[in-house]
Amino acid sequence: MTEYLAAAVAAASHAYCPYSGFRVGAVVVAGDGRTWSGCNVENAAYGSAVCAEVNAVTTAVADGHRGPSTVYVACPDAARLASATPCGNCRQFMHELGVTNVIVTTDGVHSIEYSMEELLPSAFEL
């Protein structure tokens, strides 16, 4: 397991998910090695929930990061599934804010890498 997958798993442990019970952690890695993490934070007003990927990406943006990056996503509660991928909202956020690759793990050991083109073909752009 890479240090970034380990960091995503650690971020998932901070998730606030009393409604879904589905922990997710994400780590944005810039080309220069800087990292930012995030976890999902649910809310009784379901539309107000924040996904881990958006949490991590917006934290990177708030810290001044723009440009290419990779996002590592850990979904430890999805280990029983064949795979898990970011939702459509997360895909658009990541695409628009410069993410080029997404690496997903459910068990903290094995991972699947996706390009943003694979996850969001014909993405909406200004």
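For sorting lining residues, Ala, Val, Leu, Ile, Met, Phe, Trp, Tyr, Cys and Pro count as nonpolar, Asp, Glu, Lys and Arg as charged, and the others, Gly among them, as polar. With that rule, the lining of the largest pocket here splits into 12 nonpolar, 3 polar and 2 charged residues. This is a predicted model, in which local features need pLDDT of at least 70 and side-chain atom pairs count only at pLDDT 80 or more, while totals for chains, interfaces and linings use all residues. Numbering runs from 1 along each chain as its sequence is written, and side-chain values use heavy atoms, with hydrogens and water left out.

**Strands and hairpins**

- Helices (H or I, at least four residues) and strands (E, at least two) are DSSP runs, numbered from the N terminus, and two strands pair if DSSP finds at least two bridges between them.
- β1 (25–30) and β2 (35–39) run antiparallel, with 5 bridges joining them; Val27 has Ser37 in β2 as its bridge partner.
- The hairpin of β1 and β2 has 4 residues between the strands, and Gly33 there takes a positive phi near 95°.
- β3 (69–74) and β4 (99–105) are parallel, joined by 6 bridges, and Ala74 has Thr105 in β4 as its partner.
- How much of β4 is covered? Mostly: 5 of its 7 residues are buried, where buried means under 20% relative accessible area, exposed means over 50%, and partly exposed is in between (1.4 Å probe, protein chains only).

**Helices and what they pack on**

- In α1 (residues 3–12), the buried residues are Leu5, Ala8, Ala11 and Ala12. They sit on the same side of α1 because they cover an arc of only 115° around the axis; the arc is that of the directions from the helix axis to the C-beta atoms.
- What do the buried residues of α1 pack against? The partners are β1, β2, β3 and β4, with contact meaning heavy atoms within 4.5 Å.
- α3 (residues 88–96) buries Cys90, Arg91 and Met94. These also share one side of their helix, since their arc is only 100° around the axis.
- The cover over the buried residues of α3 includes α2, β3, β4 and α4 (116–119).
- As background, an α-helix has 3.6 residues a turn, so residues three or four places apart point the same way.
- Just after α3 comes Gly98, with a positive phi of about 95°.

**Pocket and cavity**

- The terms come from a 1 Å grid over the protein atoms alone: a cavity is a set of points where a 1.4 Å probe fits but cannot get out, and a pocket is an open set with protein on both sides within 12 Å along at least five of seven lines; lining residues have an atom within 4 Å of a point.
- Grid points are joined across faces, edges and corners, and a volume is the space filled by probe spheres set on the points.
- The largest pocket comes out at about 230 Å³. Its lining has 17 residues, and Phe22, Val24, Asn40, Cys51 and Glu53 are the closest to its centre.
- The count is 1 cavity of 30 Å³ or more, and the largest cavity has a volume of about 40 Å³.
- Val28, Val57, Ala60, Val61, His65, Ser69, Leu97 and Val99 line that cavity, a set of 6 nonpolar, 2 polar and no charged residues.
- Which element gives the most to the lining of the largest cavity? It's α2, with 3 residues.

**Single residues worth a look**

- Ser69 is in β3 and counts as buried at 4% relative accessibility. Leaving aside residues up to four places away in sequence, Ser69 touches Val28, Val29, Ala30, Gly98, Val99, Thr100 and Asn101.
- Gly47 is in the loop between β2 and α2 (52–62), exposed at 83% relative accessible area.
- From Gly47 to His14 is 33 residues in sequence and 20 Å in space, C-alpha to C-alpha.
- Ser122, in the segment after α4, is exposed at 73%. Its phi is near 55°, a positive value in a residue other than glycine.
- In general, most residues other than glycine have a negative phi.
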